[in-house]
Amino acid sequence: MNTRTQEDALATRITYDKLGHIVSSESNARPVGTTVTLRSLFSTLPVRHREFRRKIKREFARLLSVLQADALVSGNVRFICSNQVGKGSRSTIVQTQGNQNLRHSIATVLGTKTLAGLHEFEVEGTAGKGEESFGYKWSGYVSKVSPGCGRAASDRHFCYVNNRPIDLPKVVKVANEVYRTYNPSQYPIVVLKLEIPTNRFDVNVTPDKRKVFLHEEHTLVEALRNGLNGAYGGTRVSTTFMCRNPLIST
């Protein structure tokens, strides 16, 4: 790892062994930022290496999805991730400029063509009863139902809880079901953010923190379903649903 903060006159290059112990640490010159380099990941795991190589395309797609999910909401961090196969040329697979809003991040990470096929979406409300009630807000972007705006596969869904990338299978299922009611030949691209109080969900469900337990999950998911149905179907609901020129800043 080679890292430098704005307060540092020089960067620090640290080398770790496979157990995470520091092997060496030295000062060097570099711009502000952090570079992490991984080498010989499978040197002691030949069986896992063979399995990884056998499924390399699937594993690469999963890695790319994780990087894109982080890059979309990390507006104050600049992402540059490249890929090199063998001795071939290095290609950039994810790159952002930092200090961008979600709309600009989508254009940078997924492309301006993708952004042009999305609607901005917003639903607010209250869940729970009495002292246990709390406010929530769904916001983000979903595909238009016009032909060509969706995808052939259900493989581009990015969900967040308070800007934290999270796997929300019920949310993805509802988004797909509603979208395919209006466009049965495609699946939507989904970038959805849920804002709720921090004590209204639990991240201690799985070790990787990718799954959460949502309080009043049924209410939250149904609010999203109703909002999408109302937006796509033209029903009057408490929903903002706009299509903007991707080249115009907001």
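Visitor: Which helix holds both Glu59 and Arg62?

Guide: This is a predicted model, in which local features need pLDDT of at least 70 and side-chain atom pairs count only at pLDDT 80 or more, while totals for chains, interfaces and linings use all residues. Residues are numbered from 1 along each chain as its sequence is written, and side-chain values use heavy atoms, with hydrogens and water left out. The side chains of Glu59 and Arg62 meet in a salt bridge at 3.5 Å, N to O (a side-chain nitrogen of Lys or Arg within 4 Å of a carboxyl oxygen of Asp or Glu). The two residues are 3 apart, about one turn of the helix, and both lie in helix H2, residues 56–73 (helices, H or I, of at least four residues and strands, E, of at least two are DSSP runs, numbered from the N terminus).

Visitor: Is Arg200, the partner of Glu132 in a salt bridge, buried or exposed?

Guide: The closest N and O atoms of Glu132 and Arg200 are 3.2 Å apart, and the pair links distant parts of the chain, with Glu132 in the loop between strands E7 (118–127) and E8 (134–143) and Arg200, 68 residues away, in the loop between strands E11 (190–195) and E12 (201–202). Glu132 has a relative accessible area of 49% and is therefore partly exposed (buried means under 20%, exposed over 50%, partly exposed in between, with a 1.4 Å probe and protein chains only). Arg200 has a relative accessible area of 12%, so the class of Arg200 is buried.

Visitor: What is the relative accessibility of Glu222?

Guide: Glu222 forms a salt bridge with Arg225, the closest N and O atoms being 3.3 Å apart, and both residues lie in helix H6 (217–233), 3 residues apart. Arg225 is partly exposed, with a relative accessible area of 23%. Glu222 also counts as partly exposed, because its relative accessibility is 24%.

Visitor: Which residues is Leu67 in contact with, leaving aside its neighbours within four places in sequence?

Guide: Leu67 lies in helix H2 and is buried, with a relative accessible area of 18%. Its C-alpha is 9.6 Å from that of Val109, which is 42 residues away in sequence. With contact taken as heavy atoms within 4.5 Å, and those neighbours left aside, the partners of Leu67 are Phe79, Cys81, Ile93 and Val94.

Visitor: How many salt bridges does a search of the whole structure find?

Guide: Besides the pairs discussed above, Glu51, Arg54 and Lys55 are linked in a network of salt bridges. For the whole structure, the search finds 12.
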